[in-house]
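Hi,

Here is the model for your files. My notes follow below it.

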Amino acid sequence: MTNGPAPEHDLGPPRTPRAAVLVGLGGAVGGLARLGVASVLPHAPGTWAWSTLVANASGCFALAALVALLAARFPTSHDLRLLLGTGVLGGYTTFSTFTVDVLELLRAGREPMAGAYIGVSVASMLLATVLGLRLARAALGGGEQR
Amino acid sequence: MTWWAVAVGAAFGAPCRYLLDAAVSARFGRRLPWGTLTVNLLGSAAAGLLAGAMVHRQIDDTVVALLGAGFLAAFTTASTFALEVVALAESGQRRGAGLIVALSVGPGIVLALAGFWLGQAL
């Protein structure tokens, strides 16, 4: 009854060396993609970090859509979940860069901007996730099921 | 360019997240996503420490890319955090969802600051 998060979030089989390798390969790709975003949207420390915001929001959207897609079409593919979800998109998005962005804004004496950055970051992560789930479920042609 | 250092760091950071998340979840259960909270708080403290350590000393760009944009950025995750929060809210556990957001963001920033001061003092 009081079960945990939706089954879509099930991480699948227990840890194996194979799983760690898949996550590592995906993580490298995700890290490079994040670096790509950072090079397109550079920012000086202590200023508004669009690159972190864009990478995190787009990665949240993509993970939500991926998880909905996998749950509907490939419910037994743990490998895809590990490689693309936990690896690529988990490595593409970041929490530590977000908290250090806030730290740098505070160091620069920009407290109001830091507050706004926190709010916009968290809201965009959650909204992008909700949007990703809804669009994917709608595109897959099913309501709650499938 | 230090792109390869980011790739190598992330190739280790992501599996470390996966393994620590699995270990924490096995120990404390999956009712709330304690594993993701753990990696995000640990990673924020470590990233703050790295930023602090760079204030008074020269650290090689490659090392910073390897540890910061590579390992720690991939060790932590926004997408899994957000997905788990939304999944909790969808399953009716709004308080659990709010708790995870509050415990991730506030303490994450405080730990980054604490790490920074420590790194600066070292």
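How many residues does the contact take from chain B and from chain A? It takes 50 from chain B and 47 from chain A. Contact here means C-beta atoms, placed from the backbone, within 7 Å.

Conventions first. This is a predicted model: local features need pLDDT of at least 70, side-chain atom pairs count only at pLDDT 80 or more, and totals for chains, interfaces and linings use all residues. Residues are numbered from 1 along each chain as its sequence is written, while chains are lettered from A and ligands numbered from 1 in the order in which they are written.

Back to the contact, which takes 50 residues from chain B. On that side, H1(B) gives the most, with 14 residues. By class, the side of chain B that touches chain A has 32 nonpolar, 13 polar and five charged residues. Gly counts as polar, and Cys and Pro as nonpolar.

Next, chain A. It comes to five helices and zero strands (DSSP runs: H or I of at least four residues, E of at least two). Of its 146 residues, 48% are buried (20 or more other C-beta atoms within 10 Å of the residue's own).

Now the largest nonpolar core, of 85 residues. A core is a set of buried Ala, Val, Leu, Ile, Met, Phe, Trp, Tyr and Cys residues joined through C-beta atoms within 7 Å. Leaving aside neighbours within four places in sequence, Ala82(B) is in contact with Cys60(A), Met125(A), Leu126(A) and Thr129(A).

Best wishes

Technical notes: Contact = placed C-beta atoms within 7 Å. Buried ≥ 20, exposed ≤ 12 C-beta atoms within 10 Å, placed from the backbone.
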